[in-house]
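Okay, thanks for making the time, everyone. Have a look at it while I talk.

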Amino acid sequence: MNIRLSPRERLIVALDVPGAEPAHALVARLAGRVGMFKVGHQLFTAAGPDLVRELTGAGHGVFLDLKYHDIPNTVEHAVAAAATLGCRLVNVHALGGRAMMAGAAKACAGSGAKLLAVTVLTSHDAASLREIGLPMAIPEAVRHLARLAQDAGADGVVASPEEIALIRAECGPAFLIVTPGIRLASSSRDDQARVATPAAALRAGADYLVVGRPITAGADPAAAADAIAAELERA
Ligand code: C5P
């Protein structure tokens with residue numbers, strides 16, 4: 001872990017809600033309690049760049065999680081557009097290759113946005129990777145793609161809790177690791193297969209933790225965020 005942040009600043013809340021209104025309601029309850037808000041495909045498709053501008057314009061940190069994967073020219077221009085929205089983090093698929101990631105990194109340069117790469121989606125297992133023609137074991141594929149992402153100019157990766165240590169060893173202390181799949185020991189796993197508690201993910205070397213349902217699905221999101229921040233303080 002390379003960056004000096006308070007535990008709360010390391011928390012990124014996934015705004016996986018169907019529109020601007022519930023997104024604003026969650027942000028109002030969580031502002032000041034967490035470090036950033038993540039806007040993914042569902043919310044961006046429903047509410048668009050205007051919502052992102054509203055959030056960044058109000059001073060909230062935004063991770064735009066659109067996982068771009070297209071030809072290098074298209075991705076470079078998409079990332080440049082994302083950077084003009086004032087996002088702090090944007091991401092691409094490392095499987096898009098070196099030239100695509102280098103174009104994205106160029107588009108981020110000087111903008112205040114940092115570029116993350118997704119290595120292997122956490123929904124994959126060894127069998128589904130083989131099915132799409134990638135015979136590597138998952139840890140080997142993750143290590144390979146993280147190295148490629150770093151060489152191409154990415155600032156970090158999105159990685160499951162299980163992969164934090166191997167990426168840290170491969171890519172060094174300055175490479176950002178952003179980790180979803182966070183669950184409190186007492187909470188449901190939902191559809192996440194590879195999970196860790198907030199404290200375990202932090203100890204393994206994550207810089208930021210992405211937390212969705214454990215904070216947003218309960219009756220009191222602010223109390224849930226505070227409980228996770230307290231666990232991180234003790235980690
Ligand atoms: O609700 P939950 O805590 O599972 O939400 C995790 C968030 O992180 C979701 O927005 C999901 O899309 C995202 N994510 C993930 N695994 C990845 C990349 C992103 O769960 N590999």
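Let me first say what I mean by a pocket: on a 1 Å grid over the protein atoms alone, a pocket is an open set of points with protein on both sides within 12 Å along at least five of seven lines, while a cavity is a set where a 1.4 Å probe fits but cannot get out. Lining residues have an atom within 4 Å of a point. Grid points are joined across faces, edges and corners, and the volume is the space filled by probe spheres set on the points.

Two housekeeping sentences. The model is predicted, so local features need pLDDT of at least 70 and side-chain atom pairs count only at pLDDT 80 or more, while totals for chains, interfaces and linings use all residues. Residues are numbered from 1 along each chain as its sequence is written, and side-chain values use heavy atoms, with hydrogens and water left out.

So, how much space lies in the largest pocket? About 660 Å³. Its lining has 29 residues, and the closest to the pocket centre are Lys38, Lys67, Thr122, Pro180 and Gln192. The elements giving two or more residues to that lining are β3 (62–68), β8 (208–211) and α9 (213–216). For the labels, helices (H or I, at least four residues) and strands (E, at least two) are DSSP runs, numbered from the N terminus. β3 gives the most, with 3 residues.

Now the second largest pocket, with about 160 Å³ of space. It is lined by 13 residues, and Leu95, Val120, Leu134, Ala141 and Leu145 lie nearest its centre. Helix α6 (residues 138–152) gives the most to this lining, with 3 residues. By class we get 9 nonpolar, 4 polar and no charged residues.

Okay, the fold. In what order do the 8 strands close into a barrel? It goes β1-β2-β3-β4-β5-β6-β7-β8, and the pairing is parallel. By pairing I mean that DSSP finds at least two bridges between two strands. Direction ignored, neighbouring strands of this sheet are turned by 25° against each other on average. Axes here are lines fitted to C-alpha atoms, for helices over the stretch in contact, and angles run from 0 to 180 degrees between N-to-C directions.

Strand β1 (residues 11–14) pairs with β8 over 3 bridges, and valine 13 has valine 211 as its bridge partner in β8. Strand β2 (residues 36–39) and β3 also pair over 3 bridges, with valine 39 partnered by leucine 64 in β3. Then β6 and β7 are joined by 3 bridges, where glycine 156 has leucine 176 as its partner in β7. Finally, 2 bridges join strand β7 (residues 176–179) to β8, and threonine 179 stands opposite leucine 209 in β8.

For burial, I use under 20% relative accessible area for buried, over 50% for exposed and partly exposed in between (1.4 Å probe, protein chains only). In a regular strand the side chains alternate between the two faces of the sheet. In β7, Leu176 and Val178 point one way and Ile177 and Thr179 the other way, and all are buried. In β8, Tyr208 and Val210 point one way, Leu209 and Val211 the other, and all are buried too.

Back to β3, where 6 of the 7 residues are buried. Lysine 67 lies in this strand and is partly exposed, with a relative accessible area of 25%.

Last stop, helix α7 (residues 164–171), whose buried residues are Ile164, Leu166, Ile167, Arg168 and Cys171. They pack against α6, β6 (156–158), β7 and α8 (198–204), contact meaning heavy atoms within 4.5 Å. Just after α7, glycine 172 takes a positive phi of about 85°.

Notes:
Ala, Val, Leu, Ile, Met, Phe, Trp, Tyr, Cys and Pro count as nonpolar, Asp, Glu, Lys and Arg as charged, and the others, Gly among them, as polar.
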